[in-house]
Amino acid sequence: MAVSRFGRLAPRGSRPPSERDWERSPLLEPRLVARSPELISDGGGLSFSPTALAEPSGLLDPEDPAVRALIVQINAQGARSPGLRAAWKQDTSPQPVPRSLVSWRMLARTDDEALFALGAPPQLLTVTAKRDGRRRTWRCIAVTKARPLRAARERIRASSWRLDPNADPDPGTTVLRVLVTEQTYAGSQRATGRVLAPDLHASADELVLTMFVTPKPGFQVRAPNPETPVRVALPEPLGRRRLTDGALYEAIQGESS
């Protein structure tokens, strides 16, 4: 029998899918990928490569406009402050370069956004700086501390999943029945029609399945999401391989070490 590794329970009061729900659920063809995701995210800004976590600190250019926004943020509240938050208004006057800047590094950058980091998981602190398109000035808009790192596609963080408890797979299984819990708020609605083709890493003894859901646009009520039933077509029978949820980056890295 394949071994499943899941700890997430269904949201309290949610209605389990009926057989008709399963029959109507989409059959998704996974993308075959490497075990380690190409991108990860803490949900605070840009997604970034896992290799960026190993990049050395102390390489930021104080003359870079995005870095200057970070300097303003550090000077305003202190890099070591446990209550570090993005300031609504930032001082545009010349700022001294703080000594702590040497401890920061850049994880990702585009023309209009930059993601800076201090420390390492699980105590990673990130700051997002963004450029105002009209004023062409940079300011820090988000501070994120110690959030779990998840696999990501662009800006979509992976959603957790579990197997249908009423349909245990056997070695001959070629279609998995999966219950997906959307990562972002969705107004307590299922993610029907928004579940993307999953990522799948297949080895001789393990299948790592990573699910992604396109977020609903606009403001959503902050309430638990019900599970969404989907079926995943495996490229070959499951066999005796264990099944692993690849959503949490630190969890799968711990299993592989």
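Strands here are DSSP runs of E with at least two residues, numbered from the N terminus. The model is a predicted one, so local features need pLDDT of at least 70 and side-chain atom pairs count only at pLDDT 80 or more, while totals for chains, interfaces and linings use all residues. Residue numbers start from 1 along each chain as its sequence is written, and side-chain values use heavy atoms, with hydrogens and water left out.

**View 1. A cis peptide bond between two prolines.** Going from Pro121 to Pro122, the peptide bond is cis, with omega near 5 degrees. Pro122 belongs to the loop that links β6 (113-118) and β7 (125-131). For context, most peptide bonds are trans.

**View 2. β6 and its buried residues.** Buried means under 20% relative accessible area, exposed over 50%, and partly exposed anything in between (1.4 Å probe, protein chains only). Six of the six residues of β6 are buried, so the rest of the structure largely encloses this strand. Glu113, Leu115 and Ala117 point one way, while Ala114, Phe116 and Leu118 point the other.

**View 3. The neighbours of β6.** Two strands count as paired if DSSP finds at least two bridges between them. On the β5 (104-109) side, the pairing with β6 is antiparallel over five bridges, and Arg109 sits opposite Ala114. A hairpin of three residues takes the chain from β5 to β6. β6 also pairs with β7, again in the antiparallel sense, over six bridges, with Leu118 bridged to Leu125 of β7. This second hairpin has six residues between its strands, and Gly119 in it takes a positive phi near 85 degrees.

View 4. Most residues other than glycine have a negative phi. Glu154, not a glycine either, has a positive phi of about 55 degrees and lies in the loop between β9 and β10 (156-157). Glu154 is exposed, at 62% relative accessible area.

**View 5. An open sheet of four strands.** The order is β2-β15-β12-β11, with mixed pairing. β2 (27-28) and β11 (160-163) are the edge strands, each with a single partner, so one side of each has no neighbour in the sheet. β11 pairs with β12 (175-181) in the antiparallel sense over four bridges, and Arg162 has Leu179 in β12 as its bridge partner.
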